[in-house]
There are 2 protein chains.
Amino acid sequence: MRRLTQPGGKGSDPVTADQILQTAAELIDVDGVDAFSMRRLADQLGVAVTSIYWHIGGRDKLFDALVERLLGQMADLPSDGDNPVDHIASLARSQRKMLIDKQHLLAIAHERDRTPQLFLPIQQRLATQLSELGITGSDAALVLRAVQVHVISSAVMQFSAVRGAKHDEEDPSLWADAWPDRALVEALQSPTDYDAVFEYGLNALLAPLRDGMTDFRG
Amino acid sequence: MRRLTQPGGKGSDPVTADQILQTAAELIDVDGVDAFSMRRLADQLGVAVTSIYWHIGGRDKLFDALVERLLGQMADLPSDGDNPVDHIASLARSQRKMLIDKQHLLAIAHERDRTPQLFLPIQQRLATQLSELGITGSDAALVLRAVQVHVISSAVMQFSAVRGAKHDEEDPSLWADAWPDRALVEALQSPTDYDAVFEYGLNALLAPLRDGMTDFRG
DNA sequence: ACCTGAACACCGTTCAAGT
DNA sequence: ACCTGAACACCGTTCAAGT
């Protein structure tokens with residue numbers, strides 16, 4: 001198995017927990033979560049499996065630590081915007097971009113039921129923008145969570161969908177030949193444009209804010 | 001290990017592929033996907049593991065077949081509504097209800113990158129309603145997929161979120177004590193109401209349709 | 001046609017033992 | 001303080017062998 005980084009040249013120093021996490025993240029990024037195993041990680045580090053247990057403490061703890069790392073990175077998301085609504089949209093887009101970038105880690109967070117924690121890093125920034133729009137209290141909580149669920153859940157689903165795109169080919173025979181809307185059938189034949197779908201949903205979610213609407217429980 | 005159903009009393013008849021799938025579905029429903037293994041399934045059926053391989057052909061094929069089953073059930077979703085928009089909303093809600101009901105199978109479909117296929121069973125019914133609103137072609141495709149992504153991705157995310165609710169407790173110390181909006185902080189302390197978030201998003205997605213808006217690429 | 005046991009190559013984890 | 005090998009209990013899958 002190829003090495004991603006050289007093992008320390010001379011004295012073969014003790015491994016640190018940080019090195020283990022870093023290597024694990026790289027390994028997962030390159031080969032995917034499915035190919036990851038404690039033994040492969042140990043191989044990559046040039047160390048016995050059991051030594052990982054001493055430093056980190058098992059697969060669960062390791063993955064928890066990786067998710068924690070992801071949370072940390074999400075604290076520094078860039079954003080801009082001339083008004084609060086644009087600012088929220090911008091935040092949502094850069095959060096989505098980061099999650100897509102770290103898709104393997106997101107998948108891990110998802111399968112470990114940690115997705116709600118992904119709300120936290122930008123919750124306060126969203127709240128600030130909402131308060132400038134005069135949206136507060138439980139209304140603000142609802143909108144905030146709607147935006148977060150939109151961003152995160154569509155990111156979570158997108159990978160699965162994109163990886164499985166090969167299965168996504170529409171079978172035209174399912175549509176009666178007489179179906180009048182040829183343009184629709186054709187549009188459904190090409191793979192889903194998840195960026196466009198995300199933008200459509202985001203705009204819809206934020207439209208009430210632009211209109212200064214205040215009743216969020218239609 | 002307890003049996004979910006008795007093994008055939010007398011002649012110990014050959015197992016059928018259907019029995020295998022049925023038992024697998026029950027097992028997964030009760031104990032979750034993580035606890036599922038080919039060997040446990042074989043035990044449950046009172047049969048050697050290898051006989052499952054003869055009938056079905058391995059874990060992959062087995063899961064594929066289970067997902068196929070789910071797709072079949074989604075063809076008969078109930079729906080009503082006095083107008084096309086309400087009809088679409090009703091369809092979306094019953095699709096979501098079914099997915100939540102079969103959450104373990106949805107998780108399997110997700111991790112096997114089969115989520116796009118979940119679009120198919122109700123695609124045509126959505127298209128019919130949209131055409132009644134005068135929405136056709138690529139506009140219809142976009143709206144249709146936005147609705148589907150909303151339903152499925154929020155269902156996919158909800159399980160992970162609900163199962164992980166124990167980690168979802170907001171740490172109030174993260175909010176500066178001076179944060180003025182006490183009501184918001186309090187609202188964020190209680191667990192996310194995913195039904196409300198889903199409804200908020202669904203209404204937002206369908207609002208343009210109610211208003212007879214025709215520009216879907218804001 | 002249907003089922004079986006043995007075997008292979010993998011897992012994650014524990015633990016006593018080394019230095 | 002840090003690393004190790006041996007061992008345990010599990011996996012999914014293949015295959016030759018039975019009836």
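Me: In this predicted model, which side chain of chain B meets A:Asp113 in a salt bridge?
Reply: The pair sits 2.8 Å apart, N to O, and the cut-off for a salt bridge is 4 Å. The partner that meets A:Asp113 is B:Arg163.

Me: How many salt bridges does the rule find across the interface of chain B and chain A?
Reply: The A:Asp113 pairing with B:Arg163 is a salt bridge. For salt bridges, the count is 2.

Me: Which element gives the most to the side of chain B that touches chain A?
Reply: Elements giving two or more residues there are α7 (120–132), α8 (137–163), α9 (182–189) and α10 (194–210) of chain B. The top contributor gives 18 residues. That's α8(B).

Me: How many residues on that side of chain B are nonpolar?
Reply: Chain B puts 56 residues into the contact, and chain A also puts in 56. On chain B's side, 17 are polar and 7 charged. The nonpolar ones number 32.

Me: What area is buried between chain B and chain A?
Reply: Carbon and sulfur atoms give 65% of it. On chain B's side, B:Arg145, B:Met157 and B:Tyr200 supply 15% of what that chain buries against chain A, more than any other three residues. The area buried between the two chains is about 5000 Å².

Me: How far apart are the end C-alpha atoms of residues 37–56 of chain A?
Reply: UniProt lists this stretch as "DNA-binding region", in an unreviewed entry. In the model the stretch is 75% helix and 0% strand. Its end C-alpha atoms lie apart by 14 Å.

Conventions:
Residues numbered from 1 in each chain as written. Chains lettered and ligands numbered in written order. Predicted model: local features only at pLDDT ≥ 70, side-chain atom pairs only at ≥ 80, totals over all residues. Heavy atoms only, no water. Contact = heavy atoms within 4.5 Å. Buried area = accessible area lost by both parts, 1.4 Å probe. Helix = DSSP H or I, 4+ residues; strand = E, 2+ residues; numbered from the N terminus. Nonpolar A, V, L, I, M, F, W, Y, C, P; charged D, E, K, R; others polar. UniProt positions renumbered as here; feature names shortened; annotations may be inferred.
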